[in-house]
Amino acid sequence: GINSISKAIQINPKFTLAYFYKSGNLSENGDNDKAIVEMTKLIQIDPQNALNYALRGDFYRRFGDYNNAIVILTRALQQDNQNLEMQKDLVMSYYLKKDYVKALEGAEVLIERDDADVVSYQIAGNVYKALEMVKECDKMYKKALKKFPKSGPLHSEYGELLWAIKDFTAI
């Protein structure tokens with residue numbers, strides 16, 4: 001529990017994993033402000049570790065503070081600009097903030113990556129749908145399904161798109 005974690009921090013104040021667990025524990029108990037403070041300590045201990053910034057950015061995003069999530073995730077990507085997970089988190093933060101123009105810029109970069117995964121295409125699909133870019137969305141799903149032909153979620157989302165535009169060829 002929290003007492004064991006606090007004891008570990010007393011013994012070794014530079015034990016970053018303990019701060020991470022403590023912040024998670026605080027967050028689970030609804031104390032998000034204290035959780036952010038603990039995440040900030042991670043960055044203070046190891047400011048060169050992009051993952052620490054990404055974890056803090058993810059906290060902000062989950063709490064609905066998209067502006068801070070974007071700032072922190074952008075900083076994380078300055079240190080590790082090829083990190084797919086952080087790029088997805090950043091695009092998702094723009095999407096949730098309803099800044100669809102920025103989300104589109106990021107989504108298009110995501111799906112051009114050689115290591116783009118199913119979730120990358122799902123995020124891009126959400127952005128295209130939010131912007132009502134039906135032709136681009138259709139083209140993107142076709143590309144995604146060539147790369148991941150057995151992906152149930154991509155088939156489902158593509159089917160939803162076709163249904164929405166009254167293209168019943170998916171039936």
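View 1. Helices here are DSSP runs of H or I with at least four residues, numbered from the N terminus. This is a predicted model, where local features need pLDDT of at least 70, side-chain atom pairs count only at pLDDT 80 or more, and totals for chains, interfaces and linings use all residues. Residues are numbered from 1 along each chain as its sequence is written, and side-chain values use heavy atoms, with hydrogens and water left out.

View 2. Leu154, Glu157, Tyr158, Leu161 and Leu162 are the buried residues of H10. They sit on the same side of H10 because their arc around the axis is only 140°, taken from the directions from the helix axis to the C-beta atoms. Over on the other side, Trp163 and Ala164 are exposed, i.e. over 50% relative accessible area.

**View 3. H10 from end to end.** H10 covers residues 152–164, so 13 residues, and its first and last C-alpha are 18 Å apart, close to the 18 Å expected at 1.5 Å a residue; that expected span is 1.5 Å times one less than the number of residues. At the start of H10, a side-chain oxygen of Ser151 comes within 3.2 Å of the backbone nitrogen of Leu154. Just after H10, Lys166 has a positive phi of about 60°.

Conventions: Helix = DSSP H or I, 4+ residues; strand = E, 2+ residues; numbered from the N terminus. Buried < 20%, exposed > 50% of the residue type's maximum accessible area, 1.4 Å probe, protein only. Polar contact = N/O pair within 3.5 Å; in protein donor to acceptor, adjacent residues only side chain to side chain.
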